[in-house]
Amino acid sequence: MTALLEAKALHAAYGETKVLHGLDFAVEQGSVTALLGANGAGKTSTLRAICGMVRTQGEILLGGKRIDGMATEDIVRLGVAHVPDGRGTFMELTVEENMRLGAYTRPARAATADFDKMFGYFPRLKERYRQQAGTLSGGEQQMLAIARALLLRPRLLLLDEPSFGLAPLIVREIFGIMRRIRDEEGVSILLVEQNASIALEFAHDAYLLETGRIVVSGLASDIAKDESVRRSYLGY
Amino acid sequence: MEGFIHQIISGIATGGIYASVALALVMIYQATHHVNFAQGEMATFSTYIALVLINMGLPYWVAFVGSFAISFVIGVAIERLLMRPVANAPVLTSVGVFVGLLLIVNSVTGWFFDYTIKQFPSPFPDKSLLGGFVSGHELGSTGVTLAVLILVYLFFRHTRLGLAMRAAAFNPASSRLVGVRVGWMLALGWGLAAAIGSVAGCMVAPVVFLDPNMMSGILLYAFAGALLGGIDSPLGAVLGGFLVGVIENLGGAYVVGTELKLTLALVIIITVLTLKPSGLMGRKVYSRV
């Protein structure tokens, strides 16, 4: 397998506060990689670093090409879709407008064809098509956020805690749909989650972060089986 | 009774001017949360550009469109060169820059075109229409401002670029994540606001005559209109502009007299800010948590 995304000695800082201390990781082409860790471990910062939303040092390569130091808009245009923490919904706009914005970088006609595909994954969005996005429930907003990201036709999808603030039933529903997306779309996914059990089930590879450093890495299935790692880092 | 109807109709005509300037104010407010105090002076400068083009012998409508286009470029340039460096500065810095811009544009206008009051031509026939209720210019300028407002509305509602500009104003961080070039959207907003100002200037100049301070009173009425309608609602600002035009005209004719008309703008501003700060159509955003 070849790596779609590679980070080498990645550092990041907000002003004076350093949050990442030299990460090395890779996301393989067409597979799911999970980034686990407690609150404040640097998971969200890692995603933000990939998208050029924080100041970084070190190298980030997308398909062998360096993207560190580029503007967020340009990284996105290379096919990196990011569902940020808080989902990044345009609350004032309608579901339709949110979806149109997702496809903003693509020719309008090609994107419209993809709308039906999104309704296939998320029928709820079709029902709410003309509604203001701020009136959607948390689960629906998460669906909208994923649909918006997929409409970019990304090579790499960055998902920041899709389970956050949602009822367990909804989380299961969303991960069920994401499994279909993983198998049908061929998009590589880098998933950040606090819910380690569900993430390790979904991912192929996993990295475990602690205060800005990678402490464990390997196949997700191996990490899920490793009793000591589970007890000391994942708490289940 | 006839006088009353006439006052309302000419109130709507001037209201169209206020509505245009109010819309220009709101467009920049939505994106930056600042009121561009220089909007009026920029519109005056645009009107002089139109006059120069007319004096060069160009047909009126060519000069009109030329001024529209040049104003757009100037608006974009102001955002790129002046506003960009203070984009993340504290509020007072931005206010200082806006006030500075007002003084600079005002002085540059006087310096280039001198301070004497000039006549500005109207493209519409100089005769009474609709049984003497409305002058050709009143009807024509209302039509032009309405057409511009409708075009702007359609642009924001039904084009990708318009949607991207709205998104960039509401949520810049998320807009970047879908590939919108947020900085350029802001610059385009400034350009569009300046261009709309040029229309307002060209439509009002035949009535009030052209001098470097032509727009200072109009900016106040427009600001009152924007507040009355809701400073963050483009549609509200347009309606507010028309309302203020009518209120100003009726108040001037029947209540306070023409000398004290400008006070009405201040009365409206204070009343709205004390009683209903969000204005008539100020946006309520619903969010479930």
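Here are some notes on this predicted model, point by point.

1. Housekeeping. Residues count from 1 along each chain as its sequence is written, while chains are lettered from A and ligands numbered from 1 in the order in which they are written. Since the model is predicted, local features need pLDDT of at least 70 and side-chain atom pairs count only at pLDDT 80 or more, whereas totals for chains, interfaces and linings use all residues.

2. Overall build of chain A. Chain A has 10 helices and 10 strands (DSSP runs numbered from the N terminus: H or I of at least four residues for helices, E of at least two for strands). Its radius of gyration is 17 Å, close to the 18 Å from the globule rule for 236 residues, so chain A is as compact as a globular protein of that length (taken over C-alpha atoms; the rule is 2.2 Å times the number of residues to the power 0.38). Along the principal axes, the C-alpha atoms of chain A fill a box of roughly 45 × 40 × 35 Å.

3. Burial and contacts. In chain A, 44% of the 236 residues are buried (20 or more other C-beta atoms within 10 Å of a residue's own, with C-beta atoms placed from the backbone). Of the chain A contacts with a separation of 6 or more, 69% join residues 24 or more positions apart (contact: C-beta atoms, placed from the backbone, within 7 Å).

4. The sheet. Chain A has an open, antiparallel sheet of 4 strands, ordered β2-β1-β4-β5 (strands pair if DSSP finds at least two bridges between them). β2 (17–28) and β5 (65–66) of chain A are at the edges with a single partner strand each, so one side of each lacks a neighbour in the sheet. Further in, β1 (residues 3–14) and β4 (residues 55–62) of chain A pair antiparallel over 7 bridges, and A:Glu6 sits opposite A:Leu61 in β4(A).

5. Helix on the sheet. Helix α1 (residues 43–50) of chain A lies across β1, β2 and β4 of chain A, at about 70° to β2(A) (axes are lines fitted to C-alpha atoms, for helices over the stretch in contact; angles run from 0 to 180 degrees between N-to-C directions).

6. The A–B contact. Chain A puts in 25 residues and chain B 18 residues. On the chain A side, α2 (72–77) and α3 (95–102) are the elements giving two or more residues.

7. Leaving out residues up to four places away in sequence, A:Leu191 touches A:Val32, A:Ala34, A:Leu35, A:Leu159, A:Ala199, A:Phe202 and A:Ala203.

Definitions and conventions: Two residues are in contact if their C-beta atoms, placed from the backbone, lie within 7 Å. A residue is buried if 20 or more other C-beta atoms lie within 10 Å of its own, exposed if 12 or fewer, and partly exposed in between; C-beta atoms are placed from the backbone.
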